[in-house]
Amino acid sequence: MKRLLHIIASPRGDESRTSAVSAAFLEAFRAHNPACEVDELNVATEPLPPLSIPMISGKYVLLSGGQLTDRLREAWAPIERHIGRFLAAEGYLLSTPMWNFNIPYTLKHYIDLIVQPKYLFRYTAKGVEGLAAGRKMVVVASRGGAYPPGTPMASFDHQEPYLRTIFGFVGIKDITFVLAQPMDAGGEKLRNRALESAKAAARRAAEAFAPQLAA
Ligand SMILES: Cc1cc2nc3c(=O)[nH]c(=O)nc-3n(C[C@H](O)[C@H](O)[C@H](O)COP(=O)(O)O)c2cc1C
């Protein structure tokens, strides 16, 4: 049985616009692939371990080609658990609001925990190799403003380029973005229209995604 990991980065629970769009995705996804297991990780509300000095030292040991000592391995236990949970999935739904033109700090914290040498990437003679290659991702992102390509606001969007870069770095190149925007800047009418259109796009993305995660 395949697994979808749903990573949530809004702390706003039922108030979250991002989660409203993701709910439309998941409903359509489950209708097309009821057997797929869905694991839910809310990085905004489930406390993540701070990156301690031994955790950071472990990263440098691995970067220089060494092995973790028993002491460092102990400090690394939460990192290994999160990486194991991440790699146990074949596909990802990432639900994130835009915060200060990028992702919320809790999602960055999660990325800082899991993107580790020997686990999610390695350096080879040919360059970097992503070790999560072949997996697929749908990102549902909601934004207070709007950042359409070709407009002056597009250069403020550090969210989509960053997520494509960091997940591409670990090998996840097949990423579909579903954007709900503007959620705040244009008033309620525009928000509702943008939400409906994002939900329709999320359902289409789920229909395309579901067969790829069939057993
Ligand atoms: C701390 C914070 C920072 C934000 N920064 C931005 C921003 O830089 N650009 C933007 O368009 N919206 C910004 N917003 C608005 C949110 O992206 C928007 O309201 C979004 O729909 C919230 O998603 P949620 O309801 O799922 O939490 C910010 C909101 C918060 C709380």
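Predicted model: local features only at pLDDT ≥ 70, side-chain atom pairs only at ≥ 80, totals over all residues.
**View 1. The packing of helix H1 against helix H7.** Helix H1 (residues 17–32) packs on helix H7 (residues 187–209) at an angle of about 35 degrees, the two axes lying 8 Å apart, and the crossing of H1 past H7 is right-handed. On the H1 side the contact includes Arg17, Ala20, Phe25 and His32, and on the H7 side it includes Leu195, Lys199, Ala202 and Phe209. Sorted by class, this contact of H1 with H7 has twelve nonpolar, two polar and four charged residues.

**View 2. The largest nonpolar core.** This core has 51 residues, of which Phe25, Val138, Val140 and Ala202 touch the most other members; its largest share, six residues, is supplied by H7. When residues up to four places away in sequence are not counted, Val138 touches Phe25, Leu93, Thr176, Val178, Ala205 and Phe209.

View 3. Although Glu40 and Ile8 are 32 residues apart along the chain, their C-alpha atoms are separated by 7.6 Å. Glu40 counts as partly exposed because 13 other C-beta atoms lie within 10 Å, whereas a buried residue would need 20 or more.

**View 4. The cis peptide bond between Gln181 and Pro182.** Gln181 and Pro182 are joined by a cis peptide bond, with omega at about 0 degrees. Pro182 is placed in the loop between strand S7 (174–180) and H7.

**View 5. Positive phi values at Phe101 and Lys118.** Phe101, in the loop between strand S3 (91–97) and helix H5 (105–114), has a phi near 65 degrees, a positive value in a residue other than glycine. Lys118, in the loop between H5 and strand S4 (121–124), has a phi near 75 degrees, likewise positive in a residue other than glycine. Phe101 is partly exposed, because 15 other C-beta atoms lie within 10 Å, and Lys118 also counts as partly exposed, with 16 C-beta neighbours inside 10 Å.

How values were computed: Residues numbered from 1 in each chain as written. Axes fitted to C-alpha atoms, helices over the stretch in contact; angles between N-to-C directions. Helix = DSSP H or I, 4+ residues; strand = E, 2+ residues; numbered from the N terminus. Left-handed = near helix turned anticlockwise from the far one by under 90°. Contact = placed C-beta atoms within 7 Å. Nonpolar A, V, L, I, M, F, W, Y, C, P; charged D, E, K, R; others polar. Core = buried A, V, L, I, M, F, W, Y, C linked by C-beta atoms within 7 Å. Buried ≥ 20, exposed ≤ 12 C-beta atoms within 10 Å, placed from the backbone.
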